[in-house]
Amino acid sequence: MTRRVARVVVVGDVLLDRDVTGAVERVAPDAPVPVLDVRAVRETPGGAGLTALLCGAEPGIELTVVAPLADDAAGRVLRGLLAPAGRVVALPHEGATRRKSRLRAAGQALLRVDDGGPGTPGPLPGAVLAEVAGVLAAADVVLVSDYGGGVTRDPAVRELLAAAAARRPVVWDPHPRGGAPVPGCAVVTPNLAEARGAVGCAADTPADVVAGLARQRWGARAVCLTAGERGAFLAAEGQAVSYLPAPRVEALDPCGAGDRFAATMAARLAGGDLLSEAAAAAVSAASQWVAAGGLGGYAAGAGATWADRPPATAPPGGESAAQVIARVRAAGGTVVATGGCFDVLHAGHVACLEAARRLGDALVVLVNSDASVRRLKGPGRPVSPAADRVRVLSALASVDAVVVFAEDDPRAALAQLRPDVWAKGGDYTGDDLPEAALVRGWGGRVVLLPYLAGRSTTGILAAGASAAAAPTAPTAPTPQA
């Protein structure tokens, strides 16, 4: 079945993002500052331009970008970068093209330099207004990506957006220096600071309360307030505020996460998702964007979308397995590892994990991938996909980190982690474990854990299947009064 093409129009302020990367190996002789020896310069659309690229990369989306574009060298670069994503409707632009230049070395930002602007739209000719009105009328969803350049304060543009909001879903990503969302937006997506500022709330006002007040303030049908690593709060008309928790990830660079959130929200709504479904997908997408390195990771990946990257997982403390091991070793502690499929977590698993954790100062769990479980257990397994198994295991107090491995046994993963203790439950002798010799080779110990009789995933699944297949006993007739 072919998916229907959905038309999304992104309206907003575009700018040119420049990532200047190099090496710092010396200090300037004329000032106590590092010298960046430039090795590469990468230019990408920023502001609403980044939002447009992310939205246009979603499957089944036909994109149009409406934004002021200056007639200068940087503006022409921007036009060329935006053109492959979809149709570009250029508005007049006052001043030079706005640019944000980030100077980076060794994966770290050293300095950001902003120039150009203001970017405010000049007088809009009638022909341009008619073209904008036409693309808005044909849109399935309109996404307003406000970066404070002036588009959302222009009276003519606001009139067109207000008319669009009365006929189709408008997603509005606001900015403190921009115009307020027009009434009737399907959803406004501020961050917590933006919403508190718009409503005039105190800094300690709870996020769910702020979300509800912001919806009333803006006259929107819903507000989805983003709260960083906490996730988002969805306040929809006639409903209690919903909390959408974000998966725990290692926060590397949050730059661009708001654009990723708004782009996913608009694309999902255009594809027919319910608002709650679109909001949940946007939270997940923004979290994975951050875990993949944010804007720096996007640039390094030559524009790869978050969906091209492996899902990010993190234990309750937000540390990777390597970080857990480094921390414990630095303190002179003992690292314990154990492994298995953990397809249906049961009391036997919990007992083994708790016992393993008592053997040292941190427990890393190695989990078979879906393909590995299928090879070991048969075509009907796993019952739970790897992402679900990792999430359940990570929620246990006894588990400090989880690692998924693709092989049929954990030797390759163990060779990388080199734990001090390898703990294994079940009816093994120790010598029949294929990884035992490897662990002992670096001075590690192999410890067998007691097997909790009568608890196994295979037995639980078999019992469930038998119960489902058993005939239902006839119900005794009810005596008549």
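1. P118 lies in strand β7. In this predicted model, the peptide bond between G117 and P118 is cis, with omega at about 10°. As background, most peptide bonds are trans, and most residues other than glycine have a negative phi. F342 sits in the loop between β14 and α11.

2. Strand β7, which holds P118, belongs to an open sheet of 4 strands with mixed pairing. The order of the strands is β3-β2-β6-β7. Because β3 (34-47) and β7 (108-118) each have a single partner strand, they stand at the edges, and one side of each is left without a neighbour in the sheet. From one strand to the next, the twist averages 15°.

3. Within this sheet, strand β2 (residues 14-27) is joined to strand β6 (residues 95-105) by 7 bridges, and the two pair in the parallel sense. Which residue of β6 stands opposite R18? The residue is S101. Helix α2 packs on the sheet and touches β2, β3 and β6. The direction of α2 makes about 105° with that of β2.

4. Strand β4 (residues 61-68) and strand β5 (residues 87-91) run parallel and are joined by 5 bridges. One of the paired positions involves A67, whose bridge partner in β5 is A90.

5. The next point concerns charged side chains. The structure holds 16 salt bridges. One of them is formed by D115 and R99, with the closest N and O atoms 2.7 Å apart. This pair links distant parts of the chain, since D115 is in strand β7 and R99 in strand β6, 16 residues apart. In general terms, side chains of opposite charge can pair when their charged atoms come close.

6. Which strand supplies the largest share of the patch? The answer is β7, with 3 residues. V113 is found in that strand.

7. A second open sheet has 5 strands in the order β16-β15-β14-β17-β18, and its pairing is parallel. Its edge strands are β16 (401-405) and β18 (445-449), each of which pairs on one side only. On average, neighbouring strands of this sheet are turned by 25° against each other, direction ignored.

8. Strand β15 (residues 362-368) pairs with β16 in the parallel sense over 5 bridges. Here V364 has A401 as its bridge partner in β16. Helix α11 (residues 347-357) packs on the sheet and touches β14, β15, β17 (421-425) and β18. The direction of α11 makes about 140° with that of β15. Helix α10 (residues 321-330) lies across β14 (335-340), β15 and β16, and runs at about 155° to β15.

Conventions. Residues numbered from 1 in each chain as written. Predicted model: local features only at pLDDT ≥ 70, side-chain atom pairs only at ≥ 80, totals over all residues. Heavy atoms only, no water. Pairing = 2+ DSSP bridges. Axes fitted to C-alpha atoms, helices over the stretch in contact; angles between N-to-C directions. Contact = heavy atoms within 4.5 Å. Salt bridge = Lys/Arg side-chain N within 4 Å of Asp/Glu carboxyl O.
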